[in-house]
Amino acid sequence: MIETAVKIVSTIAELKDIVRKTKQQGKTIGLVPTMGYLHEGHLTLASNARKENDLVIMSIFVNPTQFGPNEDFESYPRDLPRDTKLAESAGVDIIFAPSVEEMYPTDGGIYIRAGRQSEILCGASRPGHFDGVLQVVAKLFHLAEPTRAYFGQKDAQQVAIIQTMVRDYNFPLEIRTVPIVREADGLAKSSRNVYLTEQDRQEAAAIFAALQMAKEEILASGNVEQAAAKAVHYIESNTSGKIDYLECLSYPDLAQINDKTTDVLLAAAVYIGKTRLIDNLMFSLKGEMK
Ligand SMILES: Nc1ncnc2c1ncn2[C@@H]1O[C@H](COP(=O)(O)OP(=O)(O)OP(=O)(O)O)[C@@H](O)[C@H]1O
Ligand SMILES: CC(C)(CO)[C@@H](O)C(=O)[O-]
Ligand code: BAL
């Protein structure tokens, strides 16, 4: 039994009851969906939700439907007592931590399919990943009925796809995003960083450094291909890692850049040892980001 001010809820019935009472009082709800093993990135999402809402619900659920058969669903780090203390420090009121059976008691064979934005970047190397993300996120939106839901720009493709679902299917909520929270050497904070060996950890900082170099070159020369090639070379020469992708696409539509493109996403996924890390920079080709 964990003694804390945060209420841990594991059933849908209990969550819906809290949501119903909160709504009856005319109060706002901020939802922070996570897979747990919290770090400062998650806590920034929660602190922002705290500032803007009456009730803050954080979901902690390692969603099996977004993992491929050979991915790390089983080994993904889990520690609810640790997460509870951290969530409390960021002002979370309710942790929704259901079991897989509670979330998916039956399989009626009806799924959500992510669209064109999911065919590239992480979607290309993780087939079905974004379908699984949308499945759980849509379900969480129905259960928590948030006024606002909070997502990190570290998963920029995920945010773009969720925003499309919310817009096209009229989910009555606002999506709020938070910039990437980084370690002192630039490495994006990630629950998967715990997988890194000491050597991996040192090498991992090269991803951010390479993206920054490429951004500067794109802004100076406009030559996206050359900048990307140099960034790939930098990562290959400074790490033993294997690049999954390093690409610059228009944002949020995630299409090839053309003369009309303004906002871009420069994104990379790199295997450092066995750990697949993602990172990105978002910027405008024509001055500040809109
Ligand atoms: N460094 C970060 N800065 C800002 N937001 C982040 C950061 N890391 C994760 N988030 C956001 O937190 C939410 C939950 O992410 P998740 O639980 O998958 O954590 P994670 O650290 O990204 O884990 P992993 O990288 O292992 O998938 C997502 O919206 C994600 O974008
Ligand atoms: C949004 C999310 C919690 C859905 O499982 C997950 O994809 C994540 O942590 O980014
Ligand atoms: N933050 C993305 C969740 C995943 O890698 O499955």
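Okay, let's start with one residue. In the UniProt record, which is an unreviewed entry, the annotation "binding site" covers Gln66. Keep in mind that what we're looking at is a predicted model.

So where does glutamine 66 sit? You'll find glutamine 66 in the loop between strand 3, residues 55-60, and helix 3, residues 80-89. And is glutamine 66 buried or exposed? We call glutamine 66 buried because 21 other C-beta atoms lie within 10 Å, and the cut-off for buried is 20 or more. If you skip the neighbours within four places in sequence, glutamine 66 is in contact with His129, Gly132, Val133 and Val136.

Now, on to ligand 2. Gln66 is one of the residues surrounding ligand 2, and the others include Asn63, Val133, Val136, Asp155 and Gln158. Two elements, strand 2 (29-34) and helix 6 (129-144), each supply at least two residues of that shell. Helix 6 gives the most, with three residues. Sorted by class, the shell around ligand 2 has five nonpolar, four polar and one charged residues.

What about ligand 1? Ligand 1 is surrounded by 18 residues, and the closest are Gly41, Gly152, Lys189, Ser190 and Arg192. Here helix 2 (40-52) and strand 5 each supply at least two residues of the shell, with the largest share, four residues, coming from helix 2. By class, the ligand 1 shell splits into seven nonpolar, seven polar and four charged.

In what order do the six strands line up? They form an open sheet in the order 1-4-3-2-5-6, and the pairing is parallel. Strand 1 (7-9) and strand 6 (174-178) are at the edges, and each has a single partner strand, so one side of each has no neighbour in the sheet. On average, neighbouring strands of this sheet are turned by 25° against each other, direction ignored.

Let's look at one pair. Strand 1 and strand 4, residues 94-96, pair in the parallel sense over three bridges, and valine 9 stands opposite phenylalanine 96 in strand 4.

Conventions: Residues are numbered from 1 along each chain as its sequence is written. Chains are lettered from A and ligands numbered from 1 in the order in which they are written. This is a predicted model: local features need pLDDT of at least 70, side-chain atom pairs count only at pLDDT 80 or more; totals for chains, interfaces and linings use all residues. UniProt positions are given in the numbering used here, feature names are shortened, and annotations may be inferred rather than shown by experiment. A residue is buried if 20 or more other C-beta atoms lie within 10 Å of its own, exposed if 12 or fewer, and partly exposed in between; C-beta atoms are placed from the backbone. Two residues are in contact if their C-beta atoms, placed from the backbone, lie within 7 Å. A residue is near a molecule or strand if its C-beta atom, placed from the backbone, lies within 6 Å of it. Ala, Val, Leu, Ile, Met, Phe, Trp, Tyr, Cys and Pro count as nonpolar, Asp, Glu, Lys and Arg as charged, and the others, Gly among them, as polar. Two strands pair if DSSP finds at least two bridges between them. Axes are lines fitted to C-alpha atoms, for helices over the stretch in contact, and angles run from 0 to 180 degrees between N-to-C directions.
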